[in-house]
Each structure stands twice: as structure tokens, then as C-alpha cells.
Amino acid sequence: SVVGWRPDGILGTMSYRDQQWAASTMQYVLYTASVVGYGVGFYLETFFWTAMIVLGAGALCALLTVPNWRQREEETNFQWLDSAMVRKYYLSLVEQEEKRAAEQKPVGFLAKLRKEKPLDHGIKR
């Protein structure tokens, strides 16, 4: 077997480094094609060739970046956050916002709204 070959194949998932490579390659190719297409279209005094160059570059980008040509292994030191930690963090943000809102004295129609309905951020406690 080939070292580094992934079983999900060329249309499988990409590693984060490969996604970064694909995004930067797409940007470089499309920006270069835009400048070249504008120059050619300006010189030939027609928009047709500008559009054809940019569309051709888009097709080239799709060919280069959509399939997973590189197929690197995912970094193993990547670790997702625990959902309990994330929930605790967002609940602390909600509490800070509620404390800040309670310290401010509402003026005008805001005072009426706050008296009628308390703050609800959609997070169940």
C-alpha cells in the first residue's frame, strides 16, 4: 500500500492543511486570471475574452481543488472542545450580559419592553 494513501479516496474528506492549500490556490489562480483577462479584454476591446479567461480559470480551479489530490493524513494532535466547557462559557457570557443590562437604566420604550419581557437568549439553563 502507498504510504499516506487514505481509504476514502480522491473524493473523500480533506485535511485542514489541504483545505487551506485549496483555498489559497483558488484565490491565486482566480486573481491572476482576473488581471490577465482584464488586460486581454482591454487590449482586444471585447469583454468576451475577459469572461472566457475567468471562466476557464474557474474550471481549472475546480479541477485542481475539488478532488482530494494530496490526501494527507489528518493531524492527530487536533482536539475538539468538550461540549460542557463550551456550554459553561456561553452561559457565563449570558450572565455577564444580563448583569450589564440590569446595571443600565433603560430609557423610553426600552424601559417598557424590559418590564414586560425579560432577556431571553434561547439558552436553556
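**Questions on a predicted model**

Reply: In this predicted model, and leaving aside neighbours within four places in sequence, the residues in contact with Thr65 are Met14, Ala22, Thr25 and Met26.

Me: Is Thr65 buried or exposed, and what is its relative accessible area?
Reply: Thr65 belongs to helix H2, and beyond its sequence neighbours it is in contact with residues including Ala22 and Met26. The cut-off for buried is a relative accessible area under 20%. Thr65 therefore counts as buried, its relative accessible area being 13%.

Me: Which residue has its backbone oxygen 2.6 Å from a polar atom of the side chain of Thr65?
Reply: The side chain of Thr65, a residue of helix H2, has a polar atom that lies 2.6 Å from a backbone oxygen. The residue that supplies this oxygen is Cys61.

Me: Which residues does Thr25 contact, leaving aside its neighbours within four places in sequence?
Reply: Thr25 is part of helix H1, which covers residues 16-44, and with a relative accessibility of 15% it counts as buried. Once the neighbours within four places in sequence are set aside, its contacts are Leu64 and Thr65.

Me: Which residues make the nonpolar surface patch of about 600 Å²?
Reply: Leu63, in helix H2, is one of the residues of this patch, and with a relative accessible area of 53% Leu63 counts as exposed.

Me: How many salt bridges does a search of the whole structure find, and how far apart are the closest N and O atoms of Glu97 and Arg100?
Reply: The search of the whole structure finds 1 salt bridge, and Glu97 forms a salt bridge with Arg100. Because these two residues are 3 apart in helix H3 (residues 83-103), about one helical turn separates them. Both are partly exposed, Glu97 with a relative accessible area of 34% and Arg100 with one of 44%. The closest N and O atoms of the pair are 3.0 Å apart.

Me: What is the phi of Glu45?
Reply: Glu45 sits in the loop between H1 and H2, where at 73% relative accessibility it counts as exposed. Most residues other than glycine have a negative phi. Glu45 is not a glycine, yet its phi is positive, at about 55 degrees.

Me: Which element of the chain has the lowest mean pLDDT?
Reply: The mean pLDDT of the chain is 79, with 69% of its residues reaching 70 or more. Among the elements, the highest mean, 94, is that of helix H2 (residues 47-65), whereas the lowest, 60, is found for residues 109-116. Where pLDDT is low, the predicted coordinates should not be read in detail. The element with the lowest mean pLDDT is helix H4.

Me: What share of contacts between residues at least 6 apart in sequence joins residues at least 24 apart?
Reply: The chain has 4 helices and 0 strands, and from the N terminus its elements run α-α-α-α. Among contacts between residues at least 6 apart in sequence, the share that joins residues at least 24 apart is 76%.

How values were computed: Residues numbered from 1 in each chain as written. Predicted model: local features only at pLDDT ≥ 70, side-chain atom pairs only at ≥ 80, totals over all residues. Heavy atoms only, no water. pLDDT = per-residue confidence, 0-100. Contact = heavy atoms within 4.5 Å. Buried < 20%, exposed > 50% of the residue type's maximum accessible area, 1.4 Å probe, protein only. Polar contact = N/O pair within 3.5 Å; in protein donor to acceptor, adjacent residues only side chain to side chain. Patch = residues over 30% accessible without salt bridge, like charges linked within 9 Å, V, L, I, M, F, W, Y side chains within 5 Å. Areas by Shrake-Rupley, 256 points an atom, 1.4 Å probe, with all protein chains shown as cover. Salt bridge = Lys/Arg side-chain N within 4 Å of Asp/Glu carboxyl O.
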